[in-house]
Amino acid sequence: MDILASILVLLGLLGLCLSLKPAYLICAYSQFSSKGWLTLLLLIVLFIVSYLSYLSLLLKSQETINFIQMVVAGIFFAGGWFVYLVTHLSKQTISNMDSLLKEKNHQANHDSLTGLPNRQQYYRHMDKVIAQKPDCFYCLMLDINNFKMINDTFGHSEGDRILQVVAERIDSVLPEDALAARIGGDEIAIIIPDLKDKNISLIAKDIEQSLLIDIPCSGHMIVIGASIGIAQYPKDGQDRKSLMKNADIAMYHAKRSEIAHQYYQVNLPSLQIPHL
């Protein structure tokens, strides 16, 4: 009886010790943490101390364990594992909720096709950058030339895949603190901070070179052409609307000429589709 009672208390103590980690992780979730969970964590510590004290009494006792003490040992065992189940299942539920919230937040702020930030996130990011009143940053508007021809020739599924490849290539050559977003159709908007050691034209050239690599499409190889319009803050606009408008105007000028007044444009090679 003495050994059985001690084993029950030890097993209950094990359950309490195992519950410490999930309880702590719940408290670490900033959006889910509360004073209640912190209180539970402190209570678990106190329970562990109590279990150790009771176990010490059982081991030091010279008397035979009676029925009541066995019941108490059984309660200690059940209580320890009950606390573990509550904390473990709660942590699992909260973890799933946290993952779901992150997924929903990602879906709300990113384009489902390319994985790039969407128009809303682009707006928020630009407003945030403008609010910091930097000395300079660049707003770029990029449009794929003759993209309708790709959809008409190869189908929309291939057109979607081309967009994914283009988005991945553009994102791979941008500076770490730049942001590229798909704002609709085949238009990609880019925010690039002030370049202390690199000219904006070199960034545009990097984008050009990344798109010059052939893309396999339905058994053919195509080269994507794009036009880029660039507006500079604060010279070409001091708010989001004017910057995007001027970059958009610059982009359409880039489709027709190599240089447009006040804005820098880069004409990338026109779309080349092999004869079918």
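These are my notebook entries on one chain, looked up in a predicted model.

**Ground rules.** I number residues from 1 along each chain as its sequence is written, and I use heavy atoms for side-chain values, leaving out hydrogens and water. Since I am working with a predicted model, local features need pLDDT of at least 70 and side-chain atom pairs count only at pLDDT 80 or more, while totals for chains, interfaces and linings use all residues.

**Entry 1: the whole chain.** I looked up the helices and strands and found eight helices and seven strands. Both are DSSP runs numbered from the N terminus: helices are H or I with at least four residues, strands are E with at least two. Next I checked burial, where buried means under 20% relative accessible area, exposed means over 50%, and partly exposed is in between (1.4 Å probe, protein chains only). Of the 276 residues in the chain, 42% are buried. The accessible surface comes to about 15,500 Å², and carbon and sulfur atoms own 59% of that. These areas come from the Shrake-Rupley method with a 1.4 Å probe; for residues, only the protein chains shown count as cover. I also looked at contacts (heavy atoms within 4.5 Å). Among those between residues at least 6 apart in sequence, 72% join residues at least 24 apart.

**Entry 2: helix H2.** I followed H2 along residues 35-60, which makes 26 residues. From first C-alpha to last it reaches 37 Å, close to the 38 Å expected at 1.5 Å a residue. That expected span is 1.5 Å times one less than the number of residues. Which residues of H2 are buried? I found Trp 37, Leu 41, Ile 44, Ile 48, Tyr 51, Tyr 54, Leu 55 and Leu 58. Their cover includes H1 and helix H3 (67-109).

**Entry 3: a nonpolar patch.** On the surface I found Ile 3, Ile 7, Leu 11, Leu 14, Leu 18 and Phe 77 forming a nonpolar patch, with about 520 Å² of accessible area together. Patches are made of residues with over 30% relative accessible area and no salt bridge; like charges are joined within 9 Å, and nonpolar side chains (Val, Leu, Ile, Met, Phe, Trp, Tyr) within 5 Å. Helix H1 (residues 2-28) gives the largest share, five residues. I picked Leu 11, which sits in helix H1, and it is partly exposed because its relative accessible area is 34%.

**Entry 4: salt bridges.** I searched the whole structure and got six salt bridges. Each is a side-chain nitrogen of Lys or Arg within 4 Å of a carboxyl oxygen of Asp or Glu. Here are three of them.

- Arg 182 meets Asp 111 at 3.2 Å, N to O. Arg 182 is in strand S2 (residues 179-184) and Asp 111 in the loop between H3 and helix H4 (119-131), so the pair links distant parts of the chain, 71 residues apart. Both residues are buried.
- Arg 240 meets Asp 127 at 3.0 Å, N to O. This pair joins helix H8 (residues 240-256) to helix H4 across 113 residues. Arg 240 is partly exposed at 25%, and Asp 127 is partly exposed at 35%.
- Arg 161 meets Glu 158 at 3.1 Å, N to O. Both lie in helix H6 (residues 156-173), three residues apart, about one turn of the helix. Is Glu 158 buried or partly exposed? At 17% relative accessibility, Glu 158 counts as buried, whereas Arg 161, at 28%, is partly exposed.

**Entry 5: Ser 227.** I found Ser 227 in strand S6 (residues 226-233). Ser 227 counts as buried because its relative accessibility is 2%. Its side chain makes a polar contact with the side chain of Asn 145 at 3.0 Å. A polar contact is a pair of N or O atoms within 3.5 Å; within protein, one must be able to donate a hydrogen and the other to accept it, and residues adjacent in sequence count only if both atoms are side-chain atoms.
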